[in-house]
Amino acid sequence: MKAFLLLLLIAVVLPSCQDEQSEVEVLNEKPQEDLSKLPLNEYAKRHVESSLSILGTEKYDLEIIKGNLDADQKEDAIIVVNRKKFALDEAIKSENPAKSAEMAFMGNYNYIFFYDGGLKLISPPIAIPSSALVPLKVNLSEITAGSYKDILIDYRIRNANFRDVFTVTNHTPRKVFEWKTFDGLGTDKTEAYTFEYTSGKYGPEKDIILYESTLEKLPANADKNTYEPKVTKTSKVAFHFFYIPQEQKYGMLKN
């Protein structure tokens, strides 16, 4: 009989304790804030800092470039982030800071994020491996379609500059082209190209034509890894690219 009463007491008290514990857990849970309801600049800042684990004490650059980037006719945006200060701090803590400086602090310190105006959501970070000393240059231009714009990104890799072209497909930026705009700055062997976008020969997407160009000589005491030289176009076509729908990227037109 005593054993039966003991079991009955446990059966009554244990669920009660479990219920109290569950109630405490529910009360301690905070509803997740919907950041998309914030103004875009505040939404972008909080999303970027969370995605890249940026501390409140870190100084970084954030730029928002707005435009219609897909077919839904809603205003989208590209959020551009540069973490130069973080790159310099990491180099100081590394075993060979001089080597990092020599390599112009190359790494994942430049990012873009895509803000979808229709969904009101910001994408995960898209790293553009490049020199932290030079922020990305982002421009928008109609290349793959006439009803919305694509994303042109210029970035530095030491004494060379490259350009990537992204188009938005299914709410996601996708790279369709990349090439250098110049290389060899500060050396005896240089190359440079001027980009033009013309009516496509094989489809609605524009062709990309690269003209041979001359590169300004590096001024005395200028840093070859950060100086922005003047590029002068010639009349000679160096490369001709066209869009290949089956591969969803650009290919070179052979003569």
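Predicted model: local features only at pLDDT ≥ 70, side-chain atom pairs only at ≥ 80, totals over all residues.
Q: What is the phi of R158, and where does R158 lie?
A: The backbone angle is read together with the residue type and the place in the fold. R158, a residue other than glycine, has a positive phi near 55°, and R158 is found in the loop that lies between β9 and β10 (160–169). Strands here are DSSP runs of E with at least two residues, numbered from the N terminus.

Q: Which place does Q248 take, and what is its phi?
A: Q248 sits in the loop between β14 (231–244) and β15 (249–252); although Q248 is not a glycine, its phi is positive, at about 55°. With a relative accessible area of 39%, Q248 is partly exposed.

Q: How do I read the two faces of strand β8?
A: In a regular strand the side chains alternate between the two faces of the sheet. In β8, which spans residues 137–141, V138 and L140 make up the covered face, whereas K137, N139 and S141 make up the uncovered one.

Q: Which strand is joined to β8, and by how many bridges?
A: Two strands pair if DSSP finds at least two bridges between them. Here β8 and β9 (residues 150–157) run antiparallel and are joined by five bridges, and across this pairing N139 stands opposite L152 in β9.

Q: What is the mean pLDDT of the protein chain, and where is the pLDDT below 50?
A: The pLDDT is the predictor's confidence in each residue, from 0 to 100. For the protein chain the mean is 90, and 87% of its residues reach 70 or more. Over residues 1–17, however, the pLDDT is below 50, and beyond near neighbours in sequence this stretch has one contact in the model, where contact means heavy atoms within 4.5 Å. Residues 22–27 also have pLDDT below 50, and beyond near neighbours in sequence that stretch has zero contacts in the model.

Technical notes: Residues numbered from 1 in each chain as written. Heavy atoms only, no water. Buried < 20%, exposed > 50% of the residue type's maximum accessible area, 1.4 Å probe, protein only. Helix = DSSP H or I, 4+ residues; strand = E, 2+ residues; numbered from the N terminus.
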